[in-house]
Amino acid sequence: MRITIVTGFFLPVPPLAGGATERSWHGLANHFAREGHEVTLVSRRWPGLPDLEQAGSLRHIRIEGFGHRRSLAANLLLDLLWGLRVTAKLPASDIVICNTISLPVWLGWVRRSAGKVVVLIGRMPKGQTLLYQRVSRVYVPSSSVLPAIAPQSVASRTRVVGYPIEWGILARGAARDPKVVSIGFVGRLHPEKGLALLVRAAVLLSERSGLPPWRLVMTGPSSVQQGGGGEAWLAGLKESAAPLGSSVSWMDPVFGMQELAATYRSLDIFCYPSVSERGETFGVAVAEAMAAECAVVVSALDCFRDLVKDKQTGLVFDHKGDDPAALLARALESLLVDRHARDGLAHNGQEAARAYDYPEVASKMLADFAVLAGERRRNQA
């Protein structure tokens with residue numbers, strides 16, 4: 001099959017500046033190419049990367065993009081401009097996968113040669129699916145997104161696929177420090193990730209006696225251009241964490257999979273306390289941490305239900321409770337003091353995350369693509 005993949009307007013592929021979507025689709029593109037398919041990946045132009053690049057069966061087309069903005073309206077406008085630029089560059093394909101909002105609205109009408117239009121909705125839809133009448137398939141990362149897909153004609157074409165992860169790489173790594181229990185977060189340092197809750201919970205833990213030695217490690221980008229909350233917000237968060245002293249570390253983002261795997265494997269407990277009710281749809285970092293055999297603690301967002309079963313593959317705390325920081329501190333404390341429980345959750349979580357390994361996700365997608373491509377060929381005939 002001829003498969004084209006279009007990523008968003010503000011990050012490059014390969015994922016030199018991060019991005020779960022970019023990392024996932026780069027991995028899938030390579031997997032599709034290894035299976036013998038002709039794959040084109042359209043992404044943002046980036047210093048040091050050629051505009052046109054052929055690597056075996058994988059071709060890169062890189063187009064001038066835009067930096068990420070704070071304003072949703074501004075980003076939607078840039079997404080529209082990006083879609084217009086991409087439309088003019090798309091090759092003839094059987095399947096075209098859009099990781100954008102506006103491009104699928106018109107692509108099936110104006111560039112039928114681009115192939116059957118497939119959309120991955122990475123964040124909660126904001127009504128755009130009402131315009132996806134010429135989309136052949138909609139992929140969503142978790143079952144929590146399904147109720148937001150409308151109209152019914154589009155919902156009937158929607159499938160849950162999850163995001164793929166490098167399970168094999170993540171499952172291998174160096175031994176953890178046996179002397180200190182590491183609690184950590186890996187991802188965008190942004191208010192919607194609930195990091196203020198995590199810091200408050202850590203401060204509460206620091207006031208309790210009888211706990212084993214522990215530390216808090218925060219890893220990720222904070223700049224607005226990389227999807228973070230900005231330097232002023234980060235400064236305020238660090239001020240809130242001042243009572244922790246040397247027990248908290250702030251680490252630069254890591255983007256290479258080997259480096260990411262080593263970062264996850266250095267943690268005993270991974271905490272993802274997101275409060276983004278209308279933003280999160282899966283939790284790639286959670287799945288990756290589970291694969292790396294961390295015991296995970298997450299907020300009670302619906303998007304985590306496919307991944308984390310409370311007290312089976314992780315712990316869930318009520319982020320909308322009367323005192324969510326205290327509830328989070330209690331969950332973290334239970335894992336700090338009970339090594340057996342921590343190890344049990346970590347092992348169960350690692351096995352559960354295997355379902356999102358690249359070969360598993362890619363094989364499901366390719367089977368679905370074959371059905372869609374077959375429909376296209378029959379229609380052309």
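The protein chain in this predicted model exposes about 16000 Å² of surface, and carbon and sulfur atoms supply 53% of that area. On the inside of the picture, buried residues make up 55% of the 381 residues. The C-alpha trace spans about 75 × 40 × 40 Å along its principal axes. How does the radius of gyration sit with the number of residues? A compact globule with 381 residues would have a radius of gyration near 21 Å, and the protein chain has 21 Å, so the two agree.

Now for the parts list. The protein chain holds 12 helices and 14 strands. Contacts reach well along the sequence: of those between residues at least 6 apart, 64% join residues at least 24 apart.

Which strands stand at the edges?

Strand E3 (residues 52–55) and strand E4 (residues 58–63) run antiparallel and are joined by 4 bridges. E3 and E4 form a hairpin with 2 residues between them. If you look at the turn, you will find Gly56 there with a positive phi of about 65 degrees. Elsewhere in the chain, Arg45, Asp51 and Glu64 are linked in a network of salt bridges.

Next comes the sheet of 6 strands. This one is also open, but its pairing is parallel, and the order reads E11-E10-E9-E12-E13-E14. Its edge strands are strand E11 (248–251) and strand E14 (315–317), each pairing on one side only. Here the twist averages 20 degrees from one strand to the next. As for what holds such neighbours together, strands of a sheet pair through backbone hydrogen bonds, either parallel or antiparallel.

At the E14 end, strand E13 (residues 295–299) runs parallel to E14, and 3 bridges join the two. One of the residues to look for is Val298, whose bridge partner in E14 is Val316. Helix H10 (residues 324–337) touches strand E9 (181–186), strand E10 (214–219), strand E12 (269–272), E13 and E14, and its direction makes about 160 degrees with that of E14. Helix H11 (residues 339–353) touches E9, E12, E13 and E14, with its direction at about 80 degrees to that of E13.

Finally, turn to the charged side chains. Side chains of opposite charge can pair when their charged atoms come close. How many salt bridges does a search of the whole structure find?

Asp343 and Arg339 both lie in H11, 4 residues apart, about one turn of the helix. They form a salt bridge in which the closest N and O atoms are 3.0 Å apart. Arg339 is exposed, with a relative accessible area of 53%, whereas Asp343 counts as partly exposed because its relative accessibility is 37%.

Another pair is Arg188 and Glu192, whose salt bridge brings the closest N and O atoms to 2.6 Å apart. Are these residues buried or exposed? Arg188 is partly exposed at 24% relative accessible area, while Glu192 is buried at 18%, since the cut-off for buried is under 20%.

The last pair joins Glu293 and Arg265, whose side chains meet in a salt bridge at 3.9 Å, N to O. This pair links distant parts of the chain, 28 residues apart: Glu293 is in the loop between helix H9 (284–291) and E13, and Arg265 is in helix H8 (residues 257–265). Glu293 counts as partly exposed at 26% relative accessibility, and Arg265 is buried at 10%.

Terms used:
Residues numbered from 1 in each chain as written. Predicted model: local features only at pLDDT ≥ 70, side-chain atom pairs only at ≥ 80, totals over all residues. Heavy atoms only, no water. Pairing = 2+ DSSP bridges. Axes fitted to C-alpha atoms, helices over the stretch in contact; angles between N-to-C directions. Contact = heavy atoms within 4.5 Å. Rg over C-alpha atoms; globule rule 2.2 N^0.38 Å. Buried < 20%, exposed > 50% of the residue type's maximum accessible area, 1.4 Å probe, protein only. Areas by Shrake-Rupley, 256 points an atom, 1.4 Å probe, with all protein chains shown as cover. Salt bridge = Lys/Arg side-chain N within 4 Å of Asp/Glu carboxyl O.
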